[in-house]
Amino acid sequence: MLSTKAIENIKKAIDKYPRKRFASMDALMIAQEECGCLTEEVLREVAHMLDIAPVQLNQVAAFYTMYNKKSVGKYHIQVCTNVPCSLLGAEHIAEFLSKKLGVKKGETTPDKRFTLSEVECLGSCGTAPMMQINDDYYENLTEENIEEILKGLK
Amino acid sequence: MFEPVLLKNINTPDSHRIEVYLKNGGYQALPSALKMQTDALIQMIKDSGLRGRGGAGFSTGLKWSFITKDPTIPKYLCCNADEGEPGTFKDRAIIEKDPHELIEGMAVACYAIGAKAGYIYIRGEFACGAKRLEQAISEAYKKGYLGKNILNTNFNCDLYVHKGAGAYICGEETALIESIEGKRGQPRIKPPFPAQVGLFAKPTVINNVETLACIPHIINKGPKWFASIGPEKSPGPKIFGVSGHVKRPGLYELPMGTSLREVIFTHAGGIRDGRKFKAAIPGGVSAPMLTEKDLDTSMDFDSMAAKGTMLGSAGVIVMDDTTCMVKVAMRTMGFFRHESCGKCTPCREGTDWTYKVLRRIEHSQGKEGDVELLESLCGNIFGRTFCPLGDGAVMALRGALKNFRDEFEYHVKNKRCAV
C-alpha cells in the first residue's frame, strides 16, 4: 500500500501532464522510492491511479534500467565500466569492489546493505573512474578512496 | 585566451542560485526578447549561425521556424538533457552549476515558437541536476520569469522537469517524446517530424541543453558577436569534454573550430604517464576515431564530417599507445547492444551479434574470417534501422576497423593482443 505522501506526490506528478498516464515514469519512481522495488502489487496500485491497465505500466517499468524489479540493498553501488572509465581502470575498480563486498555484479550482500552493479556511462567521464551510490556520484576512484567511501557509509 | 561564455559562472559559489545568476547579468535576455516580434527573434537566432549542440548540428533558428504560427494550436519545447553519449559530460555542468542559463534560454525559445510549456528531459541518474533544476524553476516562478504574464506581458510559460530512468535511446528525439508521454522509449518513424507531430501529438521543438544555454548570450551580445567566433559555417563557443589518457581531463570551453591537437595537447595537457597518442574519439563513442594524422583537424561540424567522423557531442575520448582497439570496440558494441531499444531487428540482433564476435576475438577465440564477418554485419545494420542508434554503433566499429584492422587480424591469428 502506498502512503498518503506517495499518493500526494503521484497526484502532483499527474498535474505536470495533459493526461494521467503520461505521469507513469514519475509515478513509478515515487512508488519505488517508497517500496524499494516495483512488485506486481505496487504496479497494480500505481496503474489504478493512472487509469491504465497494470500490463501497460509493467511494459514501461520493464523497459528502463532504473526501475528495480527486485529489491536492492540499502546502498546500490553502480560502477561505470563504459569506454572512458574503462580506459582508466574501471574493470579493476569493479573487481576490487566485488572482492571487498564479497558479491558478484548484480548481487546483494547477505546483510542487504550493498548491491553491486556495473552500468553504462553516467556522464562523469572527466573524473573517471567513477561510481554512483544511490543518488550520489563518487569520482576519481582509487582503491584507497573506495575504502574511505565504504567506511563512511553507515 | 578565449573568455568562456557558457561556463563563465560555474566556479562562482552558489552559481545555481537565482541571486547569483542575476548578479552576473542573468535574465536580461528575456525582457529584450519579449520586446521583439517572434519572427525577428527567430531570424536573429538564424543569423547567429547557431547549430544544435546535441550532435546533429542542425540550424537552431531554422528548426524554430518550422513551427506553425497558428495561435490555436498548442506547441511544446523539449530540452534534451538526457546526456548519455559515453564521453559526454558538458550538459551536466550547465544543469548543476548554471541552471538559470538554461531556463532563461528555454523561456526565450518558448516565446519564439509560441509554446506555453516546456519539458526538460533529464536522465534519471542526474539526481543532483534534477533537484537543482526544480529548485531553479521554482526560483524563476517566484521572480516572475516563468508562469503567467511574464514581466507584465501576455506571455505565459510553464517549465517542467521530466526524469528519465536509464535508457540511452531516450536521447533520440522521438524516443524522448515517447518517454515524456510515459511510454517505453522507442523511436517513432519520421515523417511526421516533431515540428509537425511531436509531444502530445503537437508541434514540438527539441533542443539540447548547450544549444539553449547559448540563446541568452546571443540575445545579449548579438548574432554578429556569436557568428564571429570560430568557423563561418559553424560558429560560436563550444564546450569540449576531454576524457581518457590525458593529463588534465575535464571541460574546456573554446571557440568552435579549435583543432583536435590544441584541445588534447594544449588544454588537456597531452598524454599522461609519458605515453604516446594513439587515437581519439572526437564526439562521443558513436563518432569514428581519428589518429595522429588527423590531429590538426578543426573541431567543427563540417570539418569533422569531411574526415568521415562527426563532432557529435564534442566529448573527446583520448587513447594512448597501451590501448587495445579490440577491447575498445568490444566495450563500445557491448554498450550499443545493451542500449538498443529492441524495436527493429537490424539493430537489436546486429549489435548483439557484432558484440559476440568481438568478444570471442578479444578472448582469443577468434576465427578466420571474423573481421570480414564484422564488416558484413556492419553493412547489414547501417542505413537499415529506425533511428540513428544502429548507425552510430556501426560508425564506431567501422572507425576502429578502418584505422586498426591489423590489430583485429593479429588478435584473430595469434590469439593474443598486439599491444
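**Ground rules.** I am working with a predicted model, where local features need pLDDT of at least 70, side-chain atom pairs count only at pLDDT 80 or more, and totals for chains, interfaces and linings use all residues. Residues are numbered from 1 along each chain as its sequence is written, while chains are lettered from A and ligands numbered from 1 in the order in which they are written.

**Entry on β2(B).** I take strands as DSSP runs of E with at least two residues, and helices as runs of H or I with at least four, both numbered from the N terminus.

**Entry on the sheet.** I see four strands of chain B in an open sheet, ordered β3-β2-β1-β4, with parallel pairing. Two strands pair if DSSP finds at least two bridges between them. At the edges I have β3 and β4 (204–208) of chain B, each pairing on one side only. From one strand to the next, the twist averages 20°.

I then checked the neighbours of β2(B). Strand β1 (residues 76–81) of chain B pairs with β2(B) over six bridges, in the parallel sense. B:Tyr76 has B:Ala117 as its bridge partner, and B:Ala81 has B:Ile122. With β3 (residues 158–163) of chain B, β2(B) also forms six bridges in the parallel sense; there B:Gly118 stands opposite B:Leu159.

**Entry on chain A.** I turned to helices α1 (residues 4–14) and α2 (residues 24–35) of chain A, whose axes come within 9 Å and cross at roughly 165°. Axes are lines fitted to C-alpha atoms, for helices over the stretch in contact, and angles between N-to-C directions run from 0 to 180 degrees. α1(A) and α2(A) are therefore roughly antiparallel (angles over 145 degrees count as such).

Who makes the contact? From α1(A) I list A:Ala6, A:Asn9, A:Ile10 and A:Ala13, and from α2(A) A:Asp26, A:Ala27, A:Ile30, A:Ala31 and A:Glu34. Contact means C-beta atoms, placed from the backbone, within 7 Å.

Notes: Angles under 35 degrees count as roughly parallel, over 145 as roughly antiparallel, 65 to 115 as roughly perpendicular and the rest as oblique. Two residues are in contact if their C-beta atoms, placed from the backbone, lie within 7 Å.
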